[in-house]
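Subject: Structure handover and notes

Dear colleague,

I am passing on the structure below, together with my notes on what was found in it.

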Amino acid sequence: MTDESPTVESPKTADPKTPSAPSISVAGAAPAIAPDHETDQLKVTLGEFEGPLDLLLYLIRQDQINIYDIPVARITDEYLRYLKVMEELDLALAGDFLVTAAQLVELKSRMLLPRDPLAVGDEIEDPRKELVDRLLEHEKFKAAAQMLWSRATVEQAVFTRAELETDKNNPEVAVGLFDLLTVFQKILARHKEEVLMEIEREEVTMAEMIERLRNMIRSAGELNLVTFFERAQSRRELVVAFLSVLELVRMAEISLTQPETFGEITARAVTPA
Amino acid sequence: MAEHSQTAAELEPEAIEAVEADDEVEGTREISATELKGITESLIFVADEPIDSKSIAKVLRVDQSAVDEAIQSLVEDYSERSGGLQLREIAAGWQISTRPEHHEHVRAYLKSKPSAKLSLASLETLAVIAYKQPVTVPEILEIRGVQSPSAIKTLLDKRLIVAKGRKETVGRPMMYGTSKEFLIQFGLKDLSELPSIEDFQDLAGGSAE
């Protein structure tokens, strides 16, 4: 992967306000203070210490501590001191930082307790193990994030052909729940205006509605959801219709596609691969 | 077609021929290997998303294996020629794109700037989702040690992640996974192309000592 990496220029000149900015590779990787023009306040980016685990890792690295043998008392003190500094800077401390502080203090006190003299060999578990595991796990994902960043950078240097007129007709855009809700709301609104007199009629059950949807899709191959929803005779039936669409999508029986944003949604049977 | 309802015996000889010719169109059509290669390349070129050999085979009504062969031959051509374009497998399909080493000039012509990068928080959240999917918000919090509501919103807005139903546990939290768009934007064939998360172990543990 690395051999095909292009040379990517660092966005040094991007921000005139920070002329001496180092070539930061990832946004928010280093601590920074920048004015927020909208609110007229200074905005502090904590950089790497975006969360408590980041801060802990930083402290461990800074002191070149072996992560498998953390001097808990020392690290806890440093951690708490750092929190104090953040408080003085008037940063609203995220609850997550405080939770970790409490965990550290608890760990510190557990380290002070004498070990169970009756426990033998493997039974003696290092109380720090859980924290170390979490830190290592967290660091793995930080490394994975870096990997994703470099992949994205390479991909940004790759261009595909310009857009064709026909691209908008490509239905291969997955439909999200919100697209579906938008269509549903439109129809619900229209329905409200139309239904003036409601006649007692037999209520359609969910199972019947699912069957109806299945049949309609099977006979036509594909189905415009607007058509399907509009067949509903009452508000209640409309809701049942909507739920049955969700149900079939959940069971992966049908797939929904939407050619354009806010456009019509088409349902198709999913052919088992 | 009316003829199909009749038995073969009732049909005139010409009609039988007609039916046979008809069948041939519906079945596999004869396309020479060279022609198929050319058509395949054209389709990959016009497709606005990576296109798979199955879709190509369906349009051309030929065997998928024939298309696969054509693609392999194209891949060889592209790498031998080492021109300005590359043919790559991405998101379970094939795509023709420029080579990354020419990005500076392409960008100068298009007058385009690299689009905004994801923040570190978003990238970390994305990494957790990519490796742990389907994963819930509390599980992401456990690994990152920090809440990530805005990161998740950003990723959803960019369609890099999608909701994958709810987990049957307390509170039925929403589960998230990566999308096809994720594969495209990060140039991945499929999820298995991501390096194993355990490969990052050495990186993480090693630098600690």
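Axes are lines fitted to C-alpha atoms, for helices over the stretch in contact, and angles run from 0 to 180 degrees between N-to-C directions. On the α6(B) side the contact is made by B:Ala121, B:Ser122, B:Thr125 and B:Leu126, and on the α8(B) side by B:Ala151, B:Ile152, B:Thr154 and B:Leu155, where two residues are in contact if their C-beta atoms, placed from the backbone, lie within 7 Å. By class, these residues are five nonpolar, three polar and no charged; Ala, Val, Leu, Ile, Met, Phe, Trp, Tyr, Cys and Pro count as nonpolar, Asp, Glu, Lys and Arg as charged, and the others, Gly among them, as polar.

Before going further, please note that this is a predicted model, in which local features need pLDDT of at least 70 and side-chain atom pairs count only at pLDDT 80 or more, while totals for chains, interfaces and linings use all residues. Residues are numbered from 1 along each chain as its sequence is written, and chains are lettered from A and ligands numbered from 1 in the order in which they are written.

On confidence, chain B has a mean pLDDT of 82, with 82% of its residues at 70 or more, pLDDT being the predictor's confidence in each residue, from 0 to 100. Within chain B, the mean is lowest in helix α1 (residues 13–26), at 44, and highest in helix α4 (residues 64–81), at 94. Residues 1–27 of chain B have pLDDT below 50, and this stretch has six contacts in the model beyond near neighbours in sequence. Where pLDDT is low, the predicted coordinates should not be read in detail.

Turning to the complex, the predictor gives it an ipTM of 0.75 and a pTM of 0.61, and 45 residues of chain A are in contact with 42 residues of chain B. On the chain A side, α4(A) gives the most, with 18 residues, and that side comprises 24 nonpolar, eight polar and 13 charged residues by class.

Helix α4(A) also meets α1(A), their axes coming within 10 Å and crossing at roughly 100 degrees, so these two helices are roughly perpendicular as well. Here A:Leu53, A:Leu56 and A:Leu57 of α1(A) meet A:Arg134, A:Leu135, A:His138 and A:Glu139 of α4(A). The C-alpha atoms of A:Arg134 and A:Leu53 are separated by 8.3 Å, although the residues are 81 apart along the chain. A:Arg134 counts as partly exposed because it has 17 C-beta neighbours inside 10 Å; 20 or more other C-beta atoms within that distance make a residue buried, 12 or fewer exposed, and values in between partly exposed, with C-beta atoms placed from the backbone.

Back in chain B, three strands form an open antiparallel sheet in the order β3-β5-β4, where pairing requires at least two DSSP bridges between two strands. Its edge strands are β3 (135–136) and β4 (161–166), and four bridges join β4(B) to β5 (residues 174–178).

A cis peptide bond, with omega about -5 degrees, joins B:Gln133 and B:Pro134, and B:Pro134 sits in the loop between α6 and β3. B:Arg172, in the loop between β4 and β5, has a positive phi near 35 degrees although not a glycine.

Best wishes

Key
Angles under 35 degrees count as roughly parallel, over 145 as roughly antiparallel, 65 to 115 as roughly perpendicular and the rest as oblique.
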